[in-house]
Amino acid sequence: MFAHTCTACERRQLIFSSQVTSLANTDHGIELTFTCWCGAEQTMLTGRMAEVAVAA
């Protein structure tokens, strides 16, 4: 479970594992795709590589 601010409805909501539709390891970090409570598909980049990209 994690909190996310949706780009469609602009609400900060808790996202549960049942809402996650895919996880993919990329060169930039872990790409997490999930469905917001409003129905919008969202993508979030996380992991150590994502932190390095933000710091640079």
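Is Gln-42 buried or exposed, and what is its relative accessible area? In this predicted model, Gln-42 has a relative accessible area of 4% and is therefore buried, the cut-off for that class being under 20%.

**Overall architecture**

The protein has 56 residues, of which 27% count as buried. It exposes about 4,100 Å², and carbon and sulfur atoms supply 54% of that area. Among the contacts with a separation of 6 or more, 21% are accounted for by residues 24 or more positions apart.

**Surroundings of Gln-42**

Gln-42 belongs to strand β5. Its side chain makes a polar contact with the side chain of His-4, at 3.2 Å. The side chain of Gln-42 also reaches the backbone nitrogen of Thr-7, at 3.1 Å. Leaving aside neighbours within four places in sequence, Gln-42 is in contact with His-4, Thr-5, Cys-6, Thr-7 and Ala-8, and also with Leu-32, Thr-33, Phe-34 and Cys-36.

Thr-7, whose backbone nitrogen is reached by Gln-42, is located in the loop between β1 and β2. With a relative accessible area of 65%, Thr-7 is exposed, because that class begins over 50%. The C-alpha atoms of Thr-7 and Ala-40 are 8.4 Å apart in space, while the two residues are 33 residues apart in sequence.

The loop between β1 and β2 also holds Glu-10. Phi of Glu-10 is near 60 degrees, which is a positive value in a residue other than glycine. Glu-10 is exposed, its relative accessible area being 66%.

**Aromatic pairs**

A pair of aromatic rings is described by the distance of the centres and the angle of the planes. The structure holds two aromatic pairs. The rings of Phe-2 and Phe-34 have their centres 5.3 Å apart and their planes at 85 degrees, so this pair is edge-to-face, the threshold for that label being over 60 degrees. The pair links distant parts of the chain, with Phe-2 in strand β1 (residues 2–5) and Phe-34 in strand β4 (residues 29–35), 32 residues apart. Both Phe-2 and Phe-34 are buried.

Phe-16 and Trp-37 form an aromatic pair that is likewise edge-to-face, at 6.3 Å centre to centre and with 85 degrees between the planes. This pair also links distant parts of the chain: Phe-16 lies in the loop between β2 and β3 (20–26) and Trp-37 in the loop between β4 and β5 (41–46), 21 residues apart. Phe-16 counts as partly exposed, at 35% relative accessibility.

Gln-19 is found in the loop between β2 and β3. It is buried, with a relative accessible area of 10%. A polar atom of the side chain of Gln-19 lies 2.8 Å from the backbone nitrogen of Phe-16. Not counting residues up to four places away in sequence, Gln-19 touches Leu-14, Phe-34, Thr-35, Cys-36 and Trp-37.

Leu-14 is part of strand β2 (residues 12–15). Its relative accessible area of 43% makes Leu-14 partly exposed.

Helix α1 (residues 48–55) contains Met-49. Met-49 is partly exposed, with a relative accessible area of 45%. Not counting residues up to four places away in sequence, Met-49 touches Asp-27, His-28 and Gly-29. The C-alpha atoms of Met-49 and Asp-27 are separated by 7.4 Å, and the two residues are 22 residues apart along the chain.

**Accessibility of selected residues**

| Residue | Relative accessible area | Class |
|---|---|---|
| Gln-42 | 4% | buried |
| Gln-19 | 10% | buried |
| Phe-16 | 35% | partly exposed |
| Leu-14 | 43% | partly exposed |
| Met-49 | 45% | partly exposed |
| Thr-7 | 65% | exposed |
| Glu-10 | 66% | exposed |

Definitions and conventions:
Residues numbered from 1 in each chain as written. Predicted model: local features only at pLDDT ≥ 70, side-chain atom pairs only at ≥ 80, totals over all residues. Heavy atoms only, no water. Helix = DSSP H or I, 4+ residues; strand = E, 2+ residues; numbered from the N terminus. Buried < 20%, exposed > 50% of the residue type's maximum accessible area, 1.4 Å probe, protein only. Contact = heavy atoms within 4.5 Å. Phe/Tyr/Trp six-rings, centres within 6.5 Å; stacked < 30°, edge-to-face > 60°. Polar contact = N/O pair within 3.5 Å; in protein donor to acceptor, adjacent residues only side chain to side chain. Areas by Shrake-Rupley, 256 points an atom, 1.4 Å probe, with all protein chains shown as cover.
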